[in-house]
Amino acid sequence: MARVMVVDDDVTVREVVVTYLRAAGYDVGEATDGETALMDLRDERADLVVLDLMLPGIDGLDVCQRLRAKGDEVPVIMLTALGSETDRVVGLEHGADDYVTKPFSPRELVLRVESVLRRVGERGVIKGVVTDGDLVIDSTEHTVTLGGRRLSLTVREFDLLRFLVSHPGQAFSRDELLKQVWGWSFGDQSTVTVHVRRLREKIESDPTHPVRLVTVWGVGYRWEAAS
């Protein structure tokens with residue numbers, strides 16, 4: 001049984017989310033603020049965190065950033081009442097794997113949780129090692145190394161990188177990447193843009209002039225195999 005941590009200071013929202021997740025068969029923990037969430041996650045690991053953006057004290061962005069800074073790859077779905085594209089992008093840039101904008105359907109949130117956890121579960125199904133020059137992607141161990149140095153990637157970053165490296169020389173639109181990498185038939189295409197930018201920061205010598213994960217103007221993105 002997967003364990004989900006729900007972090008939200010709004011009692012009503014938290015109770016609704018917890019109720020739906022438990023009805024879906026998840027073991028659910030609760031926290032009302034960022035500091036408590038970090039302490040609980042340190043003592044008992046979760047398989048996924050549903051994290052409100054606006055929290056008292058340490059906000060959701062800071063919680064997510066602290067998790068990523070210490071190498072914790074637990075998937076994070078951000079809950080935000082801020083609906084602009086900029087606000088959603090900021091959450092993704094801080095390491096969130098997905099986001100749901102308030103007000104939201106509890107059923108939709110459960111489906112998002114299932115989708116993210118399914119992708120995590122596929123780590124053990126998709127096996128093998130993909131290499132491209134000094135870049136090594138091990139799907140069995142779910143690790144990525146560049147020049148012998150291990151990279152810290154979120155679940156969605158790992159999935160996107162593995163897909164692109166496995167299809168060198170092919171250009172994919174953002175919509176195609178949403179569907180083929182993450183199985184989304186709907187979604188904000190800026191999600192792809194953010195993850196591409198984050199990957200470039202980790203794999204490119206100069207992220208402002210990428211030579212591996214390149215932009216195909218008017219189409220999308222393409223992986224250039226190492227010579």
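**Views of a predicted model**

Of the 227 residues in the chain, 50% count as buried. The structure is a predicted model.

**View 1. Overall fold of the chain.** The chain holds eight helices and twelve strands. Its radius of gyration is 18 Å, close to the 17 Å that the globule rule gives for 227 residues, so the chain is as compact as a globular protein of that length. The C-alpha trace spans about 55 × 35 × 30 Å along its principal axes. Of the contacts between residues at least 6 apart in sequence, 57% join residues at least 24 apart.

**View 2. Surface and charges of the chain.** The accessible surface comes to about 10,500 Å². Carbon and sulfur atoms account for 50% of this surface. The chain carries 28 positive and 38 negative charges. The mean positions of the positive and the negative charges are 3 Å apart.

**View 3. Arg200 in helix H8.** Helix H8 covers residues 190-203 and includes Arg200. Arg200 is buried yet has no salt bridge. A salt bridge here would require a side-chain nitrogen within 4 Å of a carboxyl oxygen.

**View 4. Contacts of Arg200.** With neighbours within four places in sequence left aside, Arg200 is in contact with Pro207, Pro210, Leu213, Val214, Thr215 and Tyr221. Two of the partners, Pro207 and Pro210, are prolines.

Terms used:
Residues numbered from 1 in each chain as written. Predicted model: local features only at pLDDT ≥ 70, side-chain atom pairs only at ≥ 80, totals over all residues. Heavy atoms only, no water. Helix = DSSP H or I, 4+ residues; strand = E, 2+ residues; numbered from the N terminus. Rg over C-alpha atoms; globule rule 2.2 N^0.38 Å. Buried < 20%, exposed > 50% of the residue type's maximum accessible area, 1.4 Å probe, protein only. Contact = heavy atoms within 4.5 Å. Areas by Shrake-Rupley, 256 points an atom, 1.4 Å probe, with all protein chains shown as cover. Lys, Arg positive; Asp, Glu negative; His and termini not counted. Charge placed at Lys NZ, Arg CZ, Asp CG, Glu CD.
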